[in-house]
Amino acid sequence: MEAVFFRFLARELAALLPGCRVEKVFLPAQNVFSMALYLPPGREAPDGSGKKTVYLHARYGTGRFFLFLSPQKTVQPERAPAAAMRLRKHLRGRRVAGVVADWQNRRLALVMAGEGPHLLLDPKSFPQLCDAPPPPLEGEPDWPALDAVLAGPDIWREHPQLSPALRRRLAALPQERAAAVYARLRAPEAEGFFLEYAKGEPDALWPVRFAEKDKPGHETRAFPNALAAAAAFGEPLAFGEVSGRRDAPQAAAAATAARRLSRALAKLAVDETRMRAFLARRPQADLLAANLHALNKQAKIAHLSLPGPDGVPVALALDPSLTVVRNMQKLYDLAAKGERGLAAIARRREDLQGGKKYLQGQQRGAPTAQPSRPAPGPFEGVAANAYRTTDGFLVLRGKNAKAGESLLRKANPFDLWFHVAGGPGAHVILRRDHPRREVPRESLLQAAGLAALASFASAAGSAEVMLARAGDVRRIKGAATGKVAIGALLETLRVDVDPVLENLRQPG
């Protein structure tokens with residue numbers, strides 16, 4: 001997150017946070033800080049969710065800096081570290097009286113009401129408790145001329161808002177466009193709030209649109225305010241690291257490799273068919289060679305009928321642009337090419353299949369499993385089977401009613417829940433590493449199919465499966481184990497009850 005964007009984010013936080021009460025402080029992962037804040041009466045969460053508790057997430061130290069508000073909290077360790085307990089001791093129950101920003105250095109101080117220390121968030125260090133917050137900046141910082149910015153690689157040392165990344169972006173623009181963008185950056189109001197994506201992943205936040213048109217592989221999305229843009233940028237980073245799907249990138253890469261392998265094998269099958277067709281022309285060449293003495297070798301004809309080895313006439317289709325003898329040579333060349341091609345295809349297939357134990361299932365058209373831990377993170381010890389969809393998403397299915405409740409209790413609110421409609425069945429959770437994570441339709445259907453397989457409808461040809469956010473499903477107090485109430489249903493999926501989906505199961 002660049003200082004030129006942080007400038008406006010800090011301004012919006014200064015308008016929202018005063019009056020909020022600190023409920024809890026978390027350190028969910030290395031270099032990640034989270035704080036639960038209870039909003040005062042009359043104030044709403046910035047995303048319009050209506051929730052009264054919001055979470056301030058920040059990164060410090062190494063890694064890409066983020067700072068954002070979200071109605072969702074990340075997965076927390078079972079036991080809070082001592083550093084988190086110390087912060088709770090001094091901050092819990094206190095209200096935020098004000099916000100002071102040193103936006104050039106991306107530092108934010110929460111001035112706490114009452115006696116006790118204040119909190120300083122600095123991207124370079126662990127959150128600090130301080131007796132006095134830093135004084136607010138007076139006036140605007142100096143902005144050197146654009147020529148000096150472009151000519152000075154160390155300009156950021158004196159003017160920290162002009163980071164090396166910002167300087168590179170300005171240098172890549174045409175002179176006239178660079179001057180216009182730089183003028184917008186110096187203005188007291190933002191042009192807008194823009195999040196740039198590279199290959200589908202959040203890349204950079206800016207208060208101005210650099211490129212008038214996105215280049216291939218890149219996309220720029222506009223947001224109504226800095227809070228919304230910061231959340232869209234930070235959620236995939238924060239939740240992806242601490243949500244219990246730390247192996248998601250590796251699983252996604254494995255799924256991509258499996259799809260690539262499947263496509264390569266399919267292409268080999270097409271090539272093999274073509275090479276076998278070439279090889280099948282050799283008997284025709286032999287027939288021409290056996291009868292060549294009785295034919296006009298230099299004749300150019302399209303069709304020829306010759307007696308076969310058993311005396312039955314064989315019709316040959318020739319290339320009328322070539323002589324008979326040249327057609328014979330062409331047929332022999334094609335047959336030789338087919339023979340060489342089949343040998344090369346066999347070697348290539350052996351290379352592709354080498355060490356791929358899951359290939360046998362793929363060749364049958366079945367989904368395949370990727371090696372991984374059965375139930376990582378907070379689900380350790382839960383009696384559940386783990387599966388991996390072909391898109392790399394982790395799916396957990398409880399083995400009994402008690403395990404189903406445990407899955408639901410430990411799931412993130414933004415995870416997806418599946419259960420067969422109209423009768424008893426297993427609870428199924430599909431893990432998402434952050435609230436904005438989109439799940440392909442195929443993975444939804446596979447998770448729903450796994451729910452149908454462990455239900456009263458397992459012997460049926462198809463079944464209807466309910467889909468909801470895990471946060472919208474709750475246990476019914478006093479009811480039998482496994483009974484739940486659904487606050488909001490996303491949809492009902494009609495799926496085939498296919499036992500082949502069990503091949504998605506993870507070892508262990």
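Colleague: Which residues of helix H12 (residues 401–410) are buried?

Modeller: Buried means under 20% relative accessible area, with a 1.4 Å probe and protein chains only. In H12 the buried residues are Ala-403, Gly-404, Glu-405, Ser-406, Leu-407 and Leu-408. Helices (H or I, at least four residues) and strands (E, at least two) are DSSP runs, numbered from the N terminus. This is a predicted model, in which local features need pLDDT of at least 70, side-chain atom pairs count only at pLDDT 80 or more, and totals for chains, interfaces and linings use all residues. Residues are numbered from 1 along each chain as its sequence is written, and side-chain values use heavy atoms, with hydrogens and water left out.

Colleague: Against which strands do the buried residues of H12 pack?

Modeller: Contact means heavy atoms within 4.5 Å. The partners are strands E14 (384–388), E15 (394–398), E16 (416–420), E17 (428–430), E19 (473–475) and E20 (484–486).

Colleague: How many helices and strands does the protein have, and is the protein spread out or compact?

Modeller: There are 13 helices and 21 strands. The radius of gyration, taken over C-alpha atoms, is compared with a globule rule of 2.2 Å times the number of residues to the power 0.38. Here the value is 32 Å, well over the 23 Å that the rule gives for 508 residues, so the protein is more spread out than a compact globule. Along the principal axes, its C-alpha atoms fill a box of roughly 110 × 70 × 35 Å.

Colleague: What share of the 508 residues counts as buried?

Modeller: The buried share is 48%. Among contacts with a separation of 6 or more, 61% come from residues 24 or more positions apart.

Technical notes:
Buried means under 20% relative accessible area, exposed over 50%, partly exposed in between (1.4 Å probe, protein chains only).
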